[in-house]
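Here is a short briefing for a first look. Keep the structure open while you read.

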Amino acid sequence: MSLLDDPKAAFADLSRPERWVLGVSVAFVLFLLVAMLTGALGPTYFLFLVGLAGMYALLSFGLNAQWGFTGLINFSVAAFFGIGAYGTALMTASGSPIAGGFSPLVGLAVALVVALALALLIGIPTLRLRADYLAIASLGLAEVVRLIVLNERWLTNGSAGLRGIPGFFDGWPVLSTFPEAMPGLRLVVIPGSPVILETAFWQAALNVLLVLAFAGAAYFVLRRAHRSPWGRVLRTIRSDEDLARALGKNTYSFKMQSFVLGSLIMALAGVFYAHLNLYVGPGDLDPITTFYAWVAVILGGSGSNRGALFGGIVIVTIREGTRFLNDVALPIDPAPLRLLLIGVVIVAVMRYRPQGVLPPQRELIWPSAVDGGGTPETPDSGVRERKGGDDDE
Amino acid sequence: MSEGALPKEDAVLRVDDLQKSFGGLAATDHATFAVERGTITGLIGPNGAGKSTLFNLISGFYEPDGGTVEVNGTDVTGMEPYEVAEQGLIRTFQTPRKLEGMTVREAMLVGPRKQPGESFLTLFTSPGTVAESESANLAEAERILEDFEIDHLATQPATDISGGQMKLVELARAMLAEPEVLLLDEPVAGVNPTLAKKLKEQIRRLNEQGTTFLLIEHDMEFVMDLADPIVVLDQGHVLTEGTPEGVRNDQRVIDAYLGGGA
């Protein structure tokens, strides 16, 4: 790792916004640590927030693979998220009207297969047409899926939702009993405000482990894909589809692959959510999720994977951070304030940094090819790994 | 009718009785001609003669109402553009296409056909193959940029270079796709004379190395100097075909350009 050998050089290699984001992230993590140690922020709740951040990061990864890479306008993020959540819930929940009781791994597989089918269903008729048709169709799809979930009670339990979803690791060796097996810990760092780690904490830690595995895998796949010839064709399609066609690329097939990939990642977010919340209802399919994912991607910088990660974290910070404002006397309620804040952030970004906070800025060529070509370009993999690590905390 | 039918033994592109109407307008009206392998064939005609429509029909961007297009003896009528490209026919566009967020050499790397790294699965099943072909393509791209004397632009953002340089990059990228016949739509429109001269030299050089060209151009001096034979299009059909000299002195061509009608 060049980073460990020479952290100064790695830092000097960063662009100004990258340093800025790095600085703010470090400060933010320190702030959270202090809040935890002083007892202002419960450690279990903190881990829940990390889980949520990972979930939003997955949603924005998925949308980034569609919009950021290929320019596909998908307004049905919430539908794919909901399909993921309901897919696994219907398979595993004790309250499921059709199946229930299966292992969460079966739930995961079913969720992905249903999301794949749905992506193909909407992609086949629209991806041959101009970009706007997908946008319109996906807008309709989101509503159709939500209304089916709300009204087909024999299938989904309707507005009552699904209860009794097991944790993702239920039934696994070791991990299923891990939270109970762990001793309760009482850490006193600052006298007078002990930090207590109990079963709920270890349960939350497992959830974080799960979302880190999902998000880490998605990030790994997307990063490699983004720098590959495959990703280059997608970016060509985004800029100018006719050019890609003239150069002999089957753009329909590429768009379909990008759309399916993004949809599967969104479904992954839904699977995680179902096993985090242990309850899913039709409200989880509200269009606000789509809206949040779009804000995260645009905020982070369309086309940038780490930007999507950053955007996802910012969304959770605003969404959950405003809850603490309940204690402060404010002229308006925190709930509308939340949306107002997100609106203000997006307006400010569009005005002062329309490309997003962390746009993709280095050229994207398969890393070893650039190294081998003897070009004096510094590979940035070390830097990116470092950033990913910092943001994940 | 179709006087473009000079005897052609080895045609790399053959267009036969091609028709396309937009509403009541016959944009391509029973056009028939062929492009002989190894030539630089010019396609000229007054504004609205249907040159660009013809290009779109040949390259698969438009579906013809009738007639056939053959590339290398394979019937490509009605095929998708990428399928036509697979037969060895590559085209460029009248206005240079910008690739946002890419450097020049990155934009060049879109050119090569059938890259192993264009398959999503290969990225994970055999990254070594991807790296190998990417290195080879990168080296090739840099070599071609050198040939075009624009290698100093390699790491510039593809959107920051001049219009003329973009045309050069487009031509260079098209060469990476290893076309047998390359269709150029107004390669020197809006390009300054120095760069235009450079483009002409490059096209001639590539032609000597074996690429067949079909080019639309309004700059008469440019096309008369470079192309032979020249196909003249008027109101959607082929008016005549001949040497630059012959075409220049053809009364019907002069009439067409002066708006006399066919």
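Of the 393 residues of chain A, 46% count as buried. A residue is buried if 20 or more other C-beta atoms lie within 10 Å of its own, exposed if 12 or fewer, and partly exposed in between, with C-beta atoms placed from the backbone. This is a predicted model: local features need pLDDT of at least 70, side-chain atom pairs count only at pLDDT 80 or more, and totals for chains, interfaces and linings use all residues. Residues are numbered from 1 along each chain as its sequence is written, while chains are lettered from A and ligands numbered from 1 in the order in which they are written.

**Chain A overall**

- Chain A holds 18 helices and 2 strands. These are DSSP runs, numbered from the N terminus: helices are H or I with at least four residues, strands E with at least two.
- Chain A is as compact as a globular protein of its length, because its radius of gyration is 22 Å, close to the 21 Å that the globule rule gives for 393 residues. The radius is taken over C-alpha atoms, and the rule is 2.2 Å times the number of residues to the power 0.38.
- Its C-alpha atoms fill a box of roughly 65 × 60 × 50 Å along the principal axes.
- Among contacts in chain A between residues at least 6 apart in sequence, 75% join residues at least 24 apart. Contact here means C-beta atoms, placed from the backbone, within 7 Å.

**Helix H13 of chain A**

- H13(A) is mostly covered, with 22 of its 27 residues buried.
- Leu278(A) follows H13(A) and has a positive phi, near 60°.

**Where chains A and B meet**

- 29 residues of chain A are in contact with 32 residues of chain B.
- On the chain B side, H5(B) gives the largest share, 6 residues.
- That side has 15 nonpolar, 8 polar and 9 charged residues. Ala, Val, Leu, Ile, Met, Phe, Trp, Tyr, Cys and Pro count as nonpolar, Asp, Glu, Lys and Arg as charged, and the others, Gly among them, as polar.

**Thr92 of chain B**

- Thr92(B) sits in the loop between S6 and helix H3 (104–108) of chain B.
- Thr92(B) counts as buried because it has 24 C-beta neighbours inside 10 Å.
- Leu184(B) is 92 residues from Thr92(B) in sequence, yet 5.2 Å away in space, C-alpha to C-alpha.
- Not counting residues up to four places away in sequence, Thr92(B) touches Glu170(B), Leu171(B), Ala174(B), Leu184(B) and Asp185(B).

Definitions and conventions. Two residues are in contact if their C-beta atoms, placed from the backbone, lie within 7 Å.
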